[in-house]
Amino acid sequence: MDKNVTIAQMRGTIFLSETIGFTPDNANKFKALLLREAQVSGVVLMPGVPPAFVPAQWGAPWCLQYQDADMSNYWIMFLPGKIDIIRNCEQPYESTVETGFVHLCAEWINKITTSMGSSFKPTRVAYAPMFVLIQEECQEMATFFWNNILKVNTLDAYPIADRNVSYLLKKEISLNDKSIQLNLLHNISDGIQTRVVNSVQESRKVIMIQFDINTIPEINYNLENSEINTFFEEVLIVKEKLINNLLSL
């Protein structure tokens, strides 16, 4: 894999038949269980923009936020009908950061579900990583990649701009002898990545690749902890096939 492919974000999600809204008791309980150092805040979600963090209100969506020594941000977001575990970072693709993250997702989800009682079972589960290709530093790969995704690249010598492609594949896997159907959603786009380097803000052109590997919404699987564990053990194998299928065209 090209050294200029990086991991920008990872998200593990469980979908629920109920919502764990904010209460002081819930905040104290899950801080103690998951991230004692975390800050508690409310969450406002709007389509197409990053979440906004506000003072937590009773019964509303809320979040545990934490920043580690590597300046990676962790969010555990308690949202309507689901819980998102997110790590925002910038790590080389070949690092072990994904392995550590999926293990952490399985661990935290097990703690959450166990604390809620034996009848509390996630209906679905998902893993959604986002990868970034720095266009100026891997131009040959970027050009080859888009030329194989899009047949039409120019019109009268004017190049395509604001490229954005989404498509869905399907796959069936087994979780502890239970047949599970997966959606393999691909979202690929050009973008501008803004970051701060040595206290200076800089922007660069990138290609963003996000997969959303999720159990299909049409079926309530009532997943056991052991099945959640197996999903996160197997999901990186599925993801590796997807990224190789894209970047090895």
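Mentor: Helix 2 passes helix 4 in a right-handed crossing, where a crossing is called left-handed if the near helix is turned anticlockwise from the far one by less than a right angle, and right-handed if clockwise. Helices (H or I, at least four residues) and strands (E, at least two) are DSSP runs, numbered from the N terminus. Before we go on, note that this is a predicted model, in which local features need pLDDT of at least 70 and side-chain atom pairs count only at pLDDT 80 or more, while totals for chains, interfaces and linings use all residues. Residues are numbered from 1 along each chain as its sequence is written, and side-chain values use heavy atoms, with hydrogens and water left out.

Trainee: How do the axes of helix 2 and helix 4 cross, and which residues make the contact?

Mentor: Two packed helices are described by the angle between their axes and the distance between the axes. Here the axes of helix 2 and helix 4 (residues 225-247) come within 9 Å and cross at roughly 160°, the axes being lines fitted to C-alpha atoms, for helices over the stretch in contact, with angles that run from 0 to 180 degrees between N-to-C directions. That crossing makes helix 2 roughly antiparallel to helix 4, because angles under 35 degrees count as roughly parallel, over 145 as roughly antiparallel, 65 to 115 as roughly perpendicular and the rest as oblique. From helix 2 the contact (heavy atoms within 4.5 Å) is made by E98, T99, V102, C105, A106, I109, N110, T113 and T114, and from helix 4 by N225, I228, N229, F232, V235, L236 and K239. These residues divide into eight nonpolar, six polar and two charged, where Ala, Val, Leu, Ile, Met, Phe, Trp, Tyr, Cys and Pro count as nonpolar, Asp, Glu, Lys and Arg as charged, and the others, Gly among them, as polar.

Trainee: Within helix 2, is N110 buried or exposed?

Mentor: N110, found in helix 2 (residues 97-116), is buried, with a relative accessible area of 17%; buried means under 20% relative accessible area, exposed over 50%, and partly exposed in between (1.4 Å probe, protein chains only). Leaving aside its neighbours within four places in sequence, N110 is in contact with N225, I228 and N229. T99, which also lies in helix 2, is partly exposed, with a relative accessible area of 36%.

Trainee: How does helix 1 cross helix 2, and what residues meet there?

Mentor: The axes of helix 1 (residues 24-33) and helix 2 come within 10 Å and cross at roughly 135°. That makes helix 1 oblique to helix 2, and helix 1 passes helix 2 in a right-handed crossing. K29, F30 and L33 in helix 1 meet K111, I112, S115 and M116 in helix 2, a contact with four nonpolar, one polar and two charged residues.

Trainee: Which residues touch the most other members of the largest nonpolar core?

Mentor: In soluble globular proteins, nonpolar side chains tend to be buried together. A nonpolar core is a set of buried Ala, Val, Leu, Ile, Met, Phe, Trp, Tyr and Cys residues joined through side-chain atoms within 4.5 Å. Of the 64 residues in the largest one, I76, Y127, I209 and F232 touch the most other members, and the largest share of this core, 10 residues, comes from helix 4. A second, separate core of six residues includes V43, W75, L79 and I86.

Trainee: What is the phi of N176, and where does N176 lie?

Mentor: Most residues other than glycine have a negative phi, and most peptide bonds are trans. N176 has a phi near 50°, a positive value in a residue other than glycine, and its place is in the loop between strand 10 (164-175) and strand 11 (178-197). D177 lies in the loop between strand 10 and strand 11, and its phi, near 75°, is likewise positive. N176 is partly exposed at 40% relative accessible area, whereas D177 counts as exposed at 78%.

Trainee: And in the strands, which residues is S189 in contact with?

Mentor: S189, placed in strand 11, is buried at 14% relative accessible area. Leaving aside its neighbours within four places in sequence, S189 is in contact with W146, R163, N164, V206, I207 and M208.
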